[in-house]
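Let's walk through this one together, question by question. Have the structure open as we go.

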There are 2 protein chains.
Amino acid sequence: MDKHLHHTFHALGDATRLAVVEQLLKGPASVSELAGPHDMALPAFTKHLRVLEGAGLISSQKKGRVRTCFIQAPTMRDLQGWFAQRQRMWEARLDNLAAYVEDNGKG
Amino acid sequence: MDKHLHHTFHALGDATRLAVVEQLLKGPASVSELAGPHDMALPAFTKHLRVLEGAGLISSQKKGRVRTCFIQAPTMRDLQGWFAQRQRMWEARLDNLAAYVEDNGKG
DNA sequence: TAAATGCTTATCCATTTGGTTAAGTTATTA
DNA sequence: TAATAACTTAACCAAATGGATAAGCATTTA
C-alpha cells in the first residue's frame with residue numbers, strides 16, 4: 001500500500017510505532033502482546049498498527065480471535081538500501097560544515 | 001538537539017523534508033536554492049528546515065543575508081547504523097508470514 | 001542612499017494525528 | 001449456553017502540523 005519512502009519514514013516517526021517494529025524484529029506477536037507495554041487504550045494502539053501495515057512495515061493475519069503481526073522484511077531492506085546507496089554522499093564531505101568553511105576561507 | 005530516533009524518522013517523514021535531505025546530499029545549498037523546487041511560500045519552507053535542523057539531520061550557517069545548509073553526516077550514520085544492527089533480525093525469518101504459516105501448519 | 005535580495009517573525013487557519021470512551025462482533029472456555 | 005477474551009467500529013476531542021499572508025530587518029547592489 002506504500003509507494004513513497006517518506007510514508008515509510010512517517011510510520012517510524014512515532015515512539016509507539018518504532019517500539020512495535022523493534023518488538024516484531026524479535027519475532028511475530030499478537031495485538032495484545034504488542035499493546036502490553038504501551039499505556040494507551042486498544043483502539044488507539046490498533047490505529048498505530050494500521051499505520052505500520054499501511055506503510056508496508058508489518059503485515060498481519062487473523063486466526064480465530066487473535067491477530068498475529070509480523071515484520072515485513074522487504075520494506076526494512078528498502079530502507080536500509082536507501083541509506084546504503086547514499087552513504088558515500090554524506091561521507092564524501094566528512095563534516096560538511098568544516099568542508100564548507102575550508103572551501104570559502106575561514107571568515 | 002535530537003535525542004530519540006523516532007524524532008529523526010519523523011523529520012524524514014515528509015515529502016518536502018526528504019527532498020531537501022536528498023538535495024543536501026549533493027552538497028551545501030542556500031535556503032532559496034533549497035526552496036526553489038518546492039511550491040510553497042518561504043515561511044512554510046523554512047519551518048521544514050527548522051524541523052530538519054532540530055532533528056540534527058542538517059545544520060546551517062548565516063553569512064551576510066544568505067543562510068547555507070549542510071547535511072549532518074553523524075546523524076545519517078546513526079540511522080544507517082540502526083538498520084545495519086537489525087538487519088540480521090529481519091533477514092533471519094526471510095519472509096515472516098511464510099515462516100509463521102509453516103510453524104503452525106498451513107491452516 | 002534608494003531599491004532589491006534573502007531571509008525572519010508574527011498571526012492565522014484547515015486538516016491530520018493521537019488519544020479517549022462506548023458499544024459491538026467473533027471466537028474460546030467454563 | 002453463559003461468560004470471557006480478543007479485538008473492531010464508531011463517534012468524539014485537543015493538540016500538532018503544514019500551509020497561508022503581512023510585515024519587518026539586515027545586507028548587497030545600483
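Q: Is Arg77(B) buried, partly exposed or exposed?
A: Happy to start here, with the reminder that this is a predicted model. Buried would need under 20% relative accessible area and exposed over 50%. Arg77(B) has 36% relative accessibility, so the residue counts as partly exposed.

Q: Which residue forms a salt bridge with Arg77(B)?
A: Look in helix H5 of chain A; Arg77(B) itself lies in helix H5 of chain B, so the pair joins two chains. The closest N and O atoms are 2.6 Å apart, and the partner is Glu91(A).

Q: How far apart are the closest N and O atoms of Glu22(B) and Arg86(A)?
A: Glu22(B) lies in helix H2 of chain B and Arg86(A) in helix H5 of chain A, so this pair too joins two chains. Their side chains form a salt bridge, with a closest N to O distance of 2.8 Å.

Q: Which strands stand at the edges of the open sheet in chain A?
A: The three strands run in the order E1-E3-E2, with antiparallel pairing. Each edge strand has a single partner strand, so one side of each is left without a neighbour in the sheet; these are E1 (29–30) and E2 (58–63).

Technical notes. Residues are numbered from 1 along each chain as its sequence is written. Chains are lettered from A and ligands numbered from 1 in the order in which they are written. This is a predicted model: local features need pLDDT of at least 70, side-chain atom pairs count only at pLDDT 80 or more; totals for chains, interfaces and linings use all residues. Side-chain values use heavy atoms; hydrogens and water are left out. Two strands pair if DSSP finds at least two bridges between them. Helices (H or I, at least four residues) and strands (E, at least two) are DSSP runs, numbered from the N terminus. A salt bridge is a side-chain nitrogen of Lys or Arg within 4 Å of a carboxyl oxygen of Asp or Glu. Buried means under 20% relative accessible area, exposed over 50%, partly exposed in between (1.4 Å probe, protein chains only).
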